[in-house]
Amino acid sequence: MQGIFQSLNRVLLLACLFAAPHRASADAYIEPDPQLGFSSEEFAQRGREAFQQKLAVLAARGQLGCTTQYCTGVREIFARIVAAARTQGDKAATTRWELVITTAPDEDASAFASGQILVSSTFLQQHGLTQSEIAYVLAHEVSHILLEHARAYATVALALMPHKVRHSLSDVYAEIDFDLGFALQLAPFDMDAEFEADEAGLILGAMAGYQPREMLPLFTKLEGESTGGVLPSHGSPAERLKRAEATLPLAERIYGRYAGDGSGAADGGDAADARDIGHAMSPLRAATRRR
Ligand SMILES: [Zn+2]
């Protein structure tokens with residue numbers, strides 16, 4: 001069974017890092033590690049292929065589209081999240097963001113490196129998610145793409161591969177797919193990426209005008225959900241909530257500035273944000289630099 005927000009193809013999503021303290025623009029908080037291996041284009045191409053394959057499967061099953069009361073609302077929320085995402089660097093500004101809604105009961109939400117987000121309206125309905133909670137789900141997935149987590153995961157894998165010859169991206173994926181021990185070795189980095197997507201998602205949701213505290217009840221609603229099998233990737237909802245709460249002060253400052261109540265303006269603004277985001281940098285980023 002797929003875990004919550006689990007990817008269709010793990011190597012194509014993953015990865016969540018935080019922006020480096022030196023940001024490209026004043027409000028770019030969520031940017032990929034500049035030292036990642038391979039190229040963005042390789043992952044975008046693989047993402048497009050995986051997305052088309054997924055679309056074909058869902059179309060054949062008659063599971064594309066939306067049949068719940070959520071349909072219009074989800075698209076409006078996605079538009080707000082994308083508008084915030086586009087401010088996060090040049091690549092984010094030019095990404096062709098796309099939302100696809102499915103009725104598939106065995107899907108939840110997933111992201112493709114090429115800019116597509118797939119979400120199941122059945123999943124949203126089953127959990128009775130509010131607008132803010134849906135925003136968080138979508139912001140989490142968009143953050144995976146902003147932070148190039150598929151690329152970060154492959155970069156870590158490359159660093160850990162046993163033979164220090166030049167490996168192609170296909171070599172790395174073959175090693176992950178066919179060597180369970182290697183995949184298990186990578187699992188902690190996978191989970192780091194998920195925690196970072198949670199943190200980045202909270203910030204992105206705040207930038208889109210969603211009150212951070214109103215996003216967090218999502219985790220309570222997910223209690224009892226499967227978080228994956230042999231390679232659980234997202235951590236327990238309780239652990240995710242605890243970590244997200246630690247990001248609340250930063251997210252609320254950002255929300256204050258973006259929502260216009262002025263609460264973020266009196267606390268040092270950018271300097272304080274840069275400090276806190278720097279503290280939030282993950283072990284995953286350190287791992288990508290071992291190569
Ligand atoms: Zn995720």
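## Chatting through a predicted model

Trainee: Where does Met191 sit?
Mentor: Met191 is in helix α8, residues 180–207. Helices here are DSSP runs of H or I with at least four residues, strands are runs of E with at least two, and both are numbered from the N terminus.

Trainee: And what kind of model is this?
Mentor: This is a predicted model, where local features need pLDDT of at least 70, side-chain atom pairs count only at pLDDT 80 or more, and totals for chains, interfaces and linings use all residues. Residues are numbered from 1 along each chain as its sequence is written.

Trainee: Back to Met191: buried or exposed?
Mentor: Met191 counts as buried because it has 20 C-beta neighbours inside 10 Å. The cut-offs are 20 or more other C-beta atoms within 10 Å for buried, 12 or fewer for exposed, and partly exposed in between, with C-beta atoms placed from the backbone.

Trainee: How far is its C-alpha from that of Gly235?
Mentor: The two C-alpha atoms are separated by 6.5 Å, though Met191 and Gly235 are 44 residues apart along the chain.

Trainee: OK, zooming out. How many helices and strands are there in the chain?
Mentor: The chain has 13 helices and three strands. Of its 291 residues, 48% count as buried.

Trainee: What order do the strands take in the sheet?
Mentor: β1-β3-β2, in an open sheet with mixed pairing. Two strands pair if DSSP finds at least two bridges between them. β1 and β2 are at the edges with a single partner strand each, so one side of each has no neighbour in the sheet.

Trainee: Which way does each one run against β3?
Mentor: β1 (residues 98–102) is parallel to β3, with five bridges. β2 (residues 109–111) is antiparallel to β3, with three bridges.

Trainee: What about the hairpin of β2 and β3?
Mentor: Four residues lie between the strands, and Gly115 takes a positive phi near 110° there.

Trainee: Why is β3 called largely enclosed?
Mentor: Because five of the five residues of β3 (residues 116–120) are buried. Gln116, Leu118 and Ser120 cover one side, Ile117 and Val119 the other, and all are buried.

Trainee: New topic. At what angle do α2 and α5 cross?
Mentor: Roughly 45°, with the axes of α2 (residues 71–85) and α5 (residues 131–146) coming within 9 Å. That makes α2 oblique to α5. Axes are lines fitted to C-alpha atoms, for helices over the stretch in contact, and angles run from 0 to 180 degrees between N-to-C directions. Under 35 degrees is roughly parallel, over 145 roughly antiparallel, 65 to 115 roughly perpendicular, and the rest oblique.

Trainee: Which residues make the contact?
Mentor: Among them are Val74, Ile77 and Phe78 of α2 and Ile134, Leu138 and Val142 of α5. Contact means C-beta atoms, placed from the backbone, within 7 Å.

Trainee: And how do α6 and α7 cross?
Mentor: At roughly 80°, with the axes of α6 (residues 149–160) and α7 (residues 169–178) within 10 Å. The two are therefore roughly perpendicular to each other.

Trainee: What meets what there?
Mentor: Ala154, Ala157 and Leu158 in α6 meet Leu169, Val172, Glu175 and Ile176 in α7.

Methods:
Contact = placed C-beta atoms within 7 Å.
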